[in-house]
Amino acid sequence: MAARESQGLQIAVILLVLLVAALGITTYVFYAANDKSKLDAEAANTRATEEATRSRSYLAERNELKVMIGHSEETPMEDVQKAFGDDMKTFIADEGAAAPTVQNYRQVPAVMQASVIKLEKQLADSLRANTALRAEKVALETTYQTKLSEADTARDNALAAQAEAEKKMADDRKSLEAAQAKLQDDKVKLQGTIAQTIDGSKKQVEAANKERDELFTTLEAKDAILKSKEPKVGDVADGRIIWVNQKEDTIWINLGSADLLRPQMTFSIFEKGEVNIALATVKGKIEITRINDAHEAEGRIIEEEVTNPIMPGDQIFTPIWSPGTVQKFAMVGMIDLDGDGEDDTDELRGMIEGSGGVVAAWVDSEGNVKGEITPDVRYLIDGEQPTEKTAAAVLTAYSQMRETARRRGVELIQVGRLQERMGWQNTERLVRLGKTTRLEELEAEAQRERDFKPRRPNSAY
């Protein structure tokens, strides 16, 4: 009986060992397969990242080339190609040819230089012709003097003959008078020829001078066109989000006291890596509540999408402020920030100056222009256009400021666009309730709202 129990125990031990070995082998196989899957996934992610980087690089290079030849980054390629063909036909088409002989902008200076050389040669030919006409004039004047001298000699001979023979005086006098009449006729004809030659020379000189002036005007116009095609710098991010506490609706940014940042400034939020902020979509808005350090500040989220929350690395931007610099603005028209039909010019001035900006020019209620629009003004903020019922002075000031901004290269921005891009929010934020919302969280949020005190702009900040 004991032998049977021992044999059963041995069999159980053997089965247990076999089960343990099978379990170990199975575990090893699963772990090996899992490691290989992870390595394959990481390699695929790396390749995808590299391809995305190359695609962004190619797109940025193409947009940069568009700007370099005088177009905006969003200009379609069909428009760029059409403008290129028009430029070629306008400026460098051969005389009598239907199409230009060059097919790229790098050849334009050489072709234009050849055209200038050709025109200079034509001018030199005209000058040489003018010199030849002057020489001919001198020759005609010499001939005239010679003939005049011959006439004087003939007259002297006639007088001598008169002294020798009084008898022949009448005949000689007639002959002399006839000769004098002929010489006078020749003199008149010669003077007419000289006058015509001089008049023709003057006309040729005037034509050459006119052609030279037209050439200089053409060169100046082309130089202005080339300068107008120089690239311009667009909007860039002011800073970025370094941390987000979604539970408390709190963010931290990489700007602070050293950047002249102030509490209560508002910013628009853009996706991380966005390279064209001027055309990008705003994903949220924040307001600065506290300056922590030289390059760190804390703020609160005043607007964001649940499906696209604000994340670390997102970019922040406002058109009325730049780190460490003072931006200048001008305002014109009725500024209505909250849609109540009342003018909010003073409120917008306070917002700009409270954010470290300067309002360089605006129009008061009587139509008087205060300040001046200079080329260093960043934007002319355009409100609602005055109507026919508005005072004539206000309407005149509106037109004058817009024209001054155009002549001095100041960019025009609508009030609504400015509000969106500076992150300005007029209404109270809504509290989003959910299944996990707790009463103590709502009370804490309400307490923070009560503790936050609005700050009035202070020029001595």
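I began with the term that helix lengths require: the expected span of a helix is 1.5 Å times one less than its number of residues. Helices (H or I, at least four residues) and strands (E, at least two) are DSSP runs, numbered from the N terminus.

I noted that this is a predicted model, in which local features need pLDDT of at least 70 and side-chain atom pairs count only at pLDDT 80 or more, while totals for chains, interfaces and linings use all residues. Residues are numbered from 1 along each chain as its sequence is written, and side-chain values use heavy atoms, with hydrogens and water left out.

**Entry 1: helix α3**
I looked up α3, which runs over residues 108-164 and has 57 residues. From first C-alpha to last it reaches 84 Å, close to the 84 Å expected. I then listed its buried residues (buried means under 20% relative accessible area, exposed over 50%, partly exposed in between, with a 1.4 Å probe and protein chains only). They are V108, M112, V116, N130, Y144, A151 and A158.

**Entry 2: the whole chain**
I recorded eight helices and eleven strands in the protein chain. Of its 461 residues, 27% are buried. I also looked up contacts, where contact means heavy atoms within 4.5 Å. Among contacts with a separation of 6 or more, 67% join residues 24 or more positions apart.

**Entry 3: the cores**
I turned to nonpolar cores, each a set of buried Ala, Val, Leu, Ile, Met, Phe, Trp, Tyr and Cys residues joined through side-chain atoms within 4.5 Å. The largest has 32 residues, and I241, I253, L261, I286, L348 and I381 have the most contacts inside it. Helix α5 (residues 345-354) gives the most to this core, with three residues. A second, separate core has 13 residues, including A330, V363, A405 and V410.
I examined α6 (residues 392-407), which has 16 residues and reaches 23 Å, close to the 22 Å expected. Which residues of α6 are buried? I found V394, A397, Y398, M401, T404 and A405. They lie on the same side of α6 because they cover an arc of only 140° around the axis, the arc being that of the directions from the helix axis to the C-beta atoms. What covers them includes β7 (328-332), β8 (358-363), β9 (369-371) and β10 (379-382). On the face turned away from the buried side, I noted the exposed residues A392, R406 and R407. Just after α6, G409 takes a positive phi of about 70°.
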